[in-house]
Amino acid sequence: MTDPQKPIPAITPQLAPFLEGAKRQELIIQKCGECGTYRFPPRDLCSACLSNKSAWAKVSGKGIVFSFTIMHQVYHPGFAAEVPYAVVLVQLDEGPRITSNLVGVSPRNIRIGMPVTAVFEEVSDEVTLPKFAPT
Amino acid sequence: MSFTPNIAVAGLGITNQGKVYDRNQVGLAVEAVRLALEDAGLERSDLDGLLLNPGLSWNDGGMGAFQLQQALNLRDLRLSATMNAGGATACAMIQHAAEAIGAGLAHTVACVFSDAPLKPPKPKDAKDGKGSGSASAYAFAGGLDAAYGMFGINARYAMVAQRHMHLYGTTNEHLGTVAVTQRQWANRNPRAQFQDAPLTMEEYHRSRWVAEPFHLFDCCLVSNGGLAVIVTSAERARNMSQPPVRILGMGQGHPGGDPMETLTSGAVLAGTQAFRMAGLETKDIDVVELYDCYTFTVLVCLEDYGFCKKGEGGPFIADGKTAPGGALPVNTGGGQLSSFYMWGMTPVSEAIIQLRGEGGERQVDDAHVALVSGNGGILSTHSTLILGNQ
């Protein structure tokens, strides 16, 4: 369990399939029912073909670090003990980019292009968050 | 190319900037318009258009222009709109005014920005935020990004800069050069919040990190203040108090997609259009006033306007050519990093000051043509003005 003071995302209708998937240790994102393009964060319509047909689909959980930043400023007390910490943008093999954290690597050793794989971290009884670890 | 409206900026009003606590955003906007009218030698009744870019403190500000009209007691306007394209709005408002004037739909338009996000410091014994109910105090921290500790635009922009560094070899020394040279300009600007604070490269590197690769001095200021310009036909402007500053070219560019992928702003599209309309090239520009929410944005926009090749913004400015006395003066008032942050109105106002020859200690010799940019979101929206005094 991580520091319980960190903000925990609400299980909104939009995010529910993603968070429920994470609870089952699966990375689940939207996939267009028309053209098959994956997308994240959730959106009503596909930006590639504008179809409103979509389903949630399990993805490989594999990707690369597309970019990252090391946060030094405390914006929320839940992160006060962790600064400086890194936030990464992972490009999934399926295409979409997802904001997350890396586990098992110090911020100084993060590199753009580093291959990573999804791991799952339980942050409350209800919510598990996908994070990533170096592959 | 065929549309070359003969439009000019005839008035400029700048309120006190920075820690101004004695009035709110509406009061600051009213004062900016009053100052701009005085500057142009006009009365309120001479205005028939009002465009407002509401800052953060206007909240959603949807009816801001009407609110401002009432506060100014303006009657029978023929043009009114609240506009928001982020940092691209200032130049876009002036473009919209020029289009309306060119089409005969209005003749004299005030374009206004104001904001008052800074609050007065609390007395020492007042309770700080620590004990207050964190649920309400951190209501902004909803959603997934917050769960990962991703807060604010600094972090997202920093990720774009990180990729620029990775792909092109841009360094913190390059970013620092922007911060240091702009501070040199600010030290010559009596309106600059940092006029009395020189900045060395060593101090830049020592300044605290906000979100790597951004130090504190890579990020723009926050200011309370108001700023207005009066746009009218060049013909009318000739009978007003100030030497007219003509609009030679203008354009917008909103590239869409993911800037993290392209590392490119809308300046490519907006600049091409504006240069074509003006019949000018980068070598014809005497002063460059770029929207600088971050040091990094200056490098990207110099690349995207074609002052140097893509990816070479860092090495391009490393020799100090953008500093006072340099071959390509950039952000000659200190910019939003070091003078004051009125969204895109800061670069607009500095171009007007330079083209009028009112720059005092920071005046650039023979400044006849200025390039002004506005850049909103994360390289998301962009607008360009090319202004001239001849």
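Helix α7 of chain B is mostly covered, with 13 of its 15 residues buried. The description that follows refers to a predicted model.

Helix α12 of chain B, which comprises residues 295-304, is itself mostly covered, since 10 of its 10 residues are buried. The buried residues run from B:T295, B:F296, B:T297, B:V298 and B:L299 through B:V300, B:C301 and B:L302 to B:E303 and B:D304. After α12(B) comes B:G306, a residue with a positive phi, near 90°.

Taken as a whole, chain B contains 15 helices and 11 strands. Its radius of gyration is 20 Å, close to the 21 Å that the globule rule gives for 390 residues, and chain B is therefore as compact as a globular protein of that length. Along the principal axes, the C-alpha atoms of chain B fill a box of roughly 55 × 50 × 40 Å. Of the 390 residues in this chain, 56% count as buried. Among the contacts in chain B with a separation of 6 or more, 77% are accounted for by residues 24 or more positions apart.

The largest nonpolar core has 151 residues, and the residues with the most contacts inside this core are B:V109, B:C111, B:V112, B:V229 and B:V231. For B:V112, when neighbours within four places in sequence are left aside, the residues in contact are B:A29, B:A32, B:V33, B:L51, B:L52, B:L68 and B:A228.

In chain A, an open sheet of 3 strands has the order β2-β1-β3, with antiparallel pairing. Strands β2 (38-39) and β3 (54-58) of chain A stand at the edges of this sheet with a single partner strand each, so one side of each is left without a neighbour in the sheet. Strand β1 of chain A, residues 28-32, pairs with β2(A) in the antiparallel sense over 2 bridges, and A:Q30 stands opposite A:R39 of β2(A).

A further set of strands in chain A is linked through β5(A). Strand β5(A) pairs with β4(A) in the antiparallel sense over 8 bridges, with A:L89 of β5(A) as the bridge partner of A:S67. Strand β5(A) is also joined to β6(A) by 4 bridges, and these two strands run antiparallel. Within this pairing, A:V88 stands opposite A:S100 of β6(A), and A:V90 stands opposite A:I98 of β6(A). The hairpin of β5(A) and β6(A) has 4 residues between the strands, and in this hairpin A:G95 takes a positive phi near 120°. Because 6 of the 8 residues of β5(A) are buried, this strand is largely enclosed by the rest of the structure. Strand β6(A), by comparison, has a covered face, made of A:I98 and A:S100, and an uncovered one, made of A:R97 and A:T99. In a regular strand the side chains alternate between the two faces of the sheet.

The contact between the chains takes 27 residues from chain A and 26 residues from chain B. On the side of chain A that touches chain B, the elements giving two or more residues are β4 (62-71), β5 (85-92) and β6 (97-100) of chain A. Strand β4(A) provides the largest share of that side, with 6 residues. By composition, the residues of the side of chain A that touches chain B divide into 18 nonpolar, 8 polar and 1 charged. Strand pairing also extends from one chain to the other, as β4(A) and strand β5 of chain B, residues 209-212, pair in the antiparallel sense over 2 bridges. In this pairing, B:A211 of β5(B) is the bridge partner of A:M71.

Notes. Residues numbered from 1 in each chain as written. Chains lettered and ligands numbered in written order. Predicted model: local features only at pLDDT ≥ 70, side-chain atom pairs only at ≥ 80, totals over all residues. Pairing = 2+ DSSP bridges. Contact = placed C-beta atoms within 7 Å. Nonpolar A, V, L, I, M, F, W, Y, C, P; charged D, E, K, R; others polar. Buried ≥ 20, exposed ≤ 12 C-beta atoms within 10 Å, placed from the backbone. Rg over C-alpha atoms; globule rule 2.2 N^0.38 Å. Core = buried A, V, L, I, M, F, W, Y, C linked by C-beta atoms within 7 Å.
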